[in-house]
Amino acid sequence: MDIVSALRTFLRVAETSSFSAAAQDLHLTQPAVSRQISALEARLNVRLLHRTTSALALTAEGERIIPMALRVLEAVDDLGDSFGEDAATAIGNVKLSVPAPLGLFLADRVGSLLVRHPGLSVELIFKEDASDLVQDGIDLEVRIGPVSDNGLICRRIGWTTAFLVASPAYLSTCCPPTALEDLTDHACICYQRAGDNRAWSFSDGACDVAVRSTPRLIAHNAVAVHRATVAGAGLSVLSHILALPDMQSGRLVEVMPDFRPTRLPISVVYPSRRNMPLRTKVVLEFLTEAVHDDPLMRASDV
């Protein structure tokens, strides 16, 4: 029996309270998961799980073994890391919660990560607001702006770049704004996320200025805001990830380039640094490198 694999399987069963869910995450069959758990119980000479036809629960011994199993697997993962990337293979599913624009950015790049780690799967969750990581089962979450939750580990990985844009069709119907106070006379499109969705912040390079807009449209997803802006519904503040291709093609025009939207920190948060599974470490490093490789998200202090 491969005790390391059996311990990984046991921990995933304990996390999901399901043989079938653990099998799906680990790319195994349900009978294979059951055999690994039975073999581990035989090796340790203890019952780790109570099994019934309708429920699965940890025994007292199962509860006690979890921290020890985590320490063993952390040591194994660290040993693999010490011999280079090729010696350590990430296995299992990682839930990564990201705002929609960054999710699209990562979707274009995640294929290379999955090729390097055939046993890894990534669940991209497009979410604008903060999650309860433990309750929602989120391994990693990207948050834009200040992070106030002191109970989480927070790593800053970059900065946003955004543009105030409109379509040529919209600008042909009105006088383009030349000063921040002109925005009150325009149809504004805002997207809902944590904080005040009606407050836009701009910078001239020396100071930040907050402007309250009067939105004609509020959407809960930045991609919807992007599409409405291209369609001529009004002005919006869009991430460079969404805006740049259309700015380059002429489908969107930057407005007031001397006052660009304030750059905000991009941070990744997770519940704990201790005993982080290798699969999560691998996705965290992929995320950090992908953001850093984009010059419009990179910053000298990251």
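The structure is a predicted model. Its second largest pocket holds about 820 Å³ of space, and its largest nonpolar core has 26 residues.

**Second largest pocket**

- The lining of the second largest pocket comprises 32 residues, and those that lie nearest its centre are Arg12, Glu15, Asp139, Pro277 and Arg279.
- Two or more lining residues come from each of α1 (3-16), α2 (19-26), α4 (60-82), β3 (92-98), α7 (133-136) and α11 (278-293), and α1 gives the most, with six residues.
- Sorted by class, this lining has 15 nonpolar, 11 charged and six polar residues.

**Nonpolar cores**

- Within the largest nonpolar core, the residues with the most contacts are Leu102, Leu106, Leu140 and Leu287.
- At least two residues of this core are supplied by each of β3, α5 (100-107), α6 (110-116), β5 (140-144), β15 (265-270) and α11, with α11 giving the most, at eight residues.
- Leaving aside residues up to four places away in sequence, Leu287 touches Leu96, Leu102, Leu106, Val142, Ile157 and Val268.
- Another core, of 17 residues, lies apart from the largest one and includes Phe10, Ala22, Ile65 and Ile66.

**Ser236**

- Ser236, which is found in strand β12 (residues 235-239), counts as buried because its relative accessibility is 0%, where buried means under 20%.
- The side chain of Ser236 makes a polar contact with the side chain of Thr229, at 2.7 Å.
- Not counting residues up to four places away in sequence, Ser236 touches Phe163, Leu164, Val165, Ile189, Trp200, Val225 and Thr229.

Technical notes
Residues numbered from 1 in each chain as written. Predicted model: local features only at pLDDT ≥ 70, side-chain atom pairs only at ≥ 80, totals over all residues. Heavy atoms only, no water. 1 Å grid on protein atoms, 1.4 Å probe; cavity = no way out; pocket = protein on both sides within 12 Å on 5 of 7 lines; lining within 4 Å. Points joined across faces, edges and corners; volume = space filled by probe spheres on them. Helix = DSSP H or I, 4+ residues; strand = E, 2+ residues; numbered from the N terminus. Nonpolar A, V, L, I, M, F, W, Y, C, P; charged D, E, K, R; others polar. Buried < 20%, exposed > 50% of the residue type's maximum accessible area, 1.4 Å probe, protein only. Polar contact = N/O pair within 3.5 Å; in protein donor to acceptor, adjacent residues only side chain to side chain. Contact = heavy atoms within 4.5 Å. Core = buried A, V, L, I, M, F, W, Y, C linked by side-chain atoms within 4.5 Å.
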